[in-house]
Amino acid sequence: MPAEDLRDKNMEETKRKKKKKRFSYYGMRAVLVLYFRYFLLWDSDLSTSIYHAFVALCYLTPILGAIIADSWLGKFKTIIYLSIVYAVGQVIMAVSTIHDITDTDRDGSPDNLTLHIALSMLGLFLIALGTGGIKPCVAAFGGDQFQEHQSRQLNTFFSVFYLCINAGSLLSTLITPVLRGARSLSTLPEPPPPHRAPETFSTQQCGIHTQQQCYPLAFGVPAALMVVSLVVFIAGSGMYVKTDPEGNIMWSVCKCIGFAIKNRFRHRSKLYPKREHWMDWADEKYDKLLIAQIKMVLKVLFLYIPLPMFWTLFDQKGSRWTLQATTMSGDFGGFILQPDQMQTVNPILILTLVPIMDRLVFPLIQKCGLNFRYRMTRLKETMLRKQILEPLIVREHPLKRMTVGMLFAAAAFVCAAVVQVEIDKTLPDFPSSSQSQLKVVNMYGGSLGVRFSSGEPLTIHSYEASLSCSSQSSVDYLTFDQQEITVSLTTDPVITNPLRLIRGSRQTLVIPAEPERMYLEEDINSKPKEGKNAVRRAFTLSNGHQSCEFSRKFGFGSSYTFLVPADVFSSECESVKEVEDMEPNSVHMALQIPQYFLMTSGEVLFSVTGLQFSYSQAPKNMKSVLQAGWLCTNAVGNIIVLIVAELGKLPKQWAEYVLFASLLVAVSIIFSIMAYFYTYIDPAEIEAQILKEQHLDTEDEKKEKKKEETLEMQDKEVKQTKI
């Protein structure tokens, strides 16, 4: 097969694997926090903490993967073995979501959550080990398929490679919620005509004995795709260019730094003269070039110190922002968007903003004189010898672009706080732990006056519930501080009954056709899970041979009580009345778009620019060290979320958003000061100068020998000519 065709096939195999791997990873992440919240029944803070602990682990394990690939197995075998670990973790995760394996009483709820939690944590650990381990290998392995003269094709590969990442993310966040069981991007059916029975819009459900949300399918399909991608990747083994392990530079860097620290501590006495840089204490054992390269890397790593705060905010779009979307309305008229599908806005905007900013925004900023780029001026040779790591440059300015990206992310969280304030205004006022709430439903044949203890009487009409005023359509629960109350009905004779309420709970007092047989029913004490509803449902009522059907459209996050009178069949179900216990979510998900736009803009300015800057400031053989450092900033950022979620415990979610935004603004100011004093360098020029200083005599000797050999050859030619 021609080399060109072979390389193209290698590219296609690598891109297909990356797209399926990204679908698997982001598809699983899209529903993970909802699985924690609504299957394992963890609260929002714990769900957020475990989610970010998992993400942090995913960004710490690449260091292990890079060491294994460079020092032991090589990139190809590392990808194979860790992909197997990844796939096994996905399968275990899918099994952990099957509620039937512990649902012994077949009520639709798992009876042994401990087993499900243990399987989930094992699966997530293996996934983190697998996805993190192959993260530094896949792109590098794809780059190994090209030769040095194919730089244009290599750039094309990485562009398409990045496109595949975002395409996989986009598809997974659209499709996985559908697999979970949420109806998405589907047109709401219109009310049925009188001559046709209304349609029932069913959702995807799974189960052996009982049908529940289909988390096994949502996690199982990404697992299957991971297995398929692994098989495809192995099938193309014979076409790949495979390089042998060359030794891991990170290990050499760590040993050199360790020796410098140890040697400095050993010579801490004032008797020993100080050295220009603490890394210079390693020159007794290590090459000056390696020491100089480590100095360059340490300068960049020092700038990384404030960066985790950006990732602290950025990765919350998969946790806090998803939970925020569950309290909002996703009805866009022609289609329904589910809470976990709002994350699709990010990859859509990435695919849109990257070319727009690169081709339009940044050139326009340059023309306006606000240049984000930087230029270098060469040092005089004498100056470079004196200050190897301090080249003279014009301070302009990828670091400024990163600072702007951090401010964009902070602005996104301010927007999220404003949206949260609007959401809080619409949420029901649930009882505290010392209070009880009660509503009254009148199923009696006429209007009734109801008085609680010594309170004001309420008039409730037949087949209605207690309202605070006639203009309200939803129920106003009555709040009581005492647990024991008395209710009196204005019947003839007056009926009086004592009631014992449940603290911290909502209940309904049902007054049936025989008022003296009134009873209490416990209501839900939170908004419906995952913002469910926003559907038109059809119901069939039957009693023996009599039956009738009716349909209602429910709003996102709403709760209803249906009142069915005795003559319901004679009225063809038209007499059925509903009482709105909780209003639907009235704040629309579209209000999250500005915060996603600002966050994605910040990502483009911060993340892409940061990688470009880091690579330009690092020696060629130290790129992997900086890549590991960059990924560690992401891991530390997620650990910060974990700490704040568990220890912060702020009473209002909007206050937490403001806290994170304030912290990032403060960090961005610190970073801008650090960036102002940073001096840009040219690693290649510095390395060349050091090599020149180290090998000056050797090079002169080589030139003299070459000159002597040339003279000898000329003498031989002269002698041959004479002969």
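Visitor: Which residues in helix 2 meet residues in helix 4?

Guide: In this predicted model, Ile-50, Phe-54, Leu-57, Cys-58, Tyr-59, Thr-61, Pro-62, Leu-64, Gly-65, Ala-66 and Ala-69 in helix 2 touch Met-121, Leu-124, Phe-125, Ile-127, Ala-128, Leu-129, Thr-131, Gly-132, Gly-133, Lys-135, Pro-136 and Cys-137 in helix 4. The residues of this contact comprise 17 nonpolar, five polar and one charged.

Visitor: Why does Leu-41 count as exposed?

Guide: Its relative accessibility is 52%, and exposed means over 50%; Leu-41 therefore counts as exposed. Leu-41 belongs to the loop between helix 1 (3-38) and helix 2.

Visitor: What is the phi of Leu-41?

Guide: Phi of Leu-41 is near 65 degrees, a positive value in a residue other than glycine. Most residues other than glycine have a negative phi.

Visitor: Which residues does a cis peptide bond join?

Guide: The cis bond links Asp-492 and Pro-493, with omega about 5 degrees. Pro-493 lies in the loop between strand 10 (484-489) and strand 11 (495-500).

Visitor: What percentage of the residues of the protein count as buried?

Guide: Of 723 residues, 48% count as buried, a term that requires under 20% relative accessible area.

Technical notes:
Residues are numbered from 1 along each chain as its sequence is written. This is a predicted model: local features need pLDDT of at least 70, side-chain atom pairs count only at pLDDT 80 or more; totals for chains, interfaces and linings use all residues. Side-chain values use heavy atoms; hydrogens and water are left out. Contact means heavy atoms within 4.5 Å. Helices (H or I, at least four residues) and strands (E, at least two) are DSSP runs, numbered from the N terminus. Ala, Val, Leu, Ile, Met, Phe, Trp, Tyr, Cys and Pro count as nonpolar, Asp, Glu, Lys and Arg as charged, and the others, Gly among them, as polar. Buried means under 20% relative accessible area, exposed over 50%, partly exposed in between (1.4 Å probe, protein chains only).
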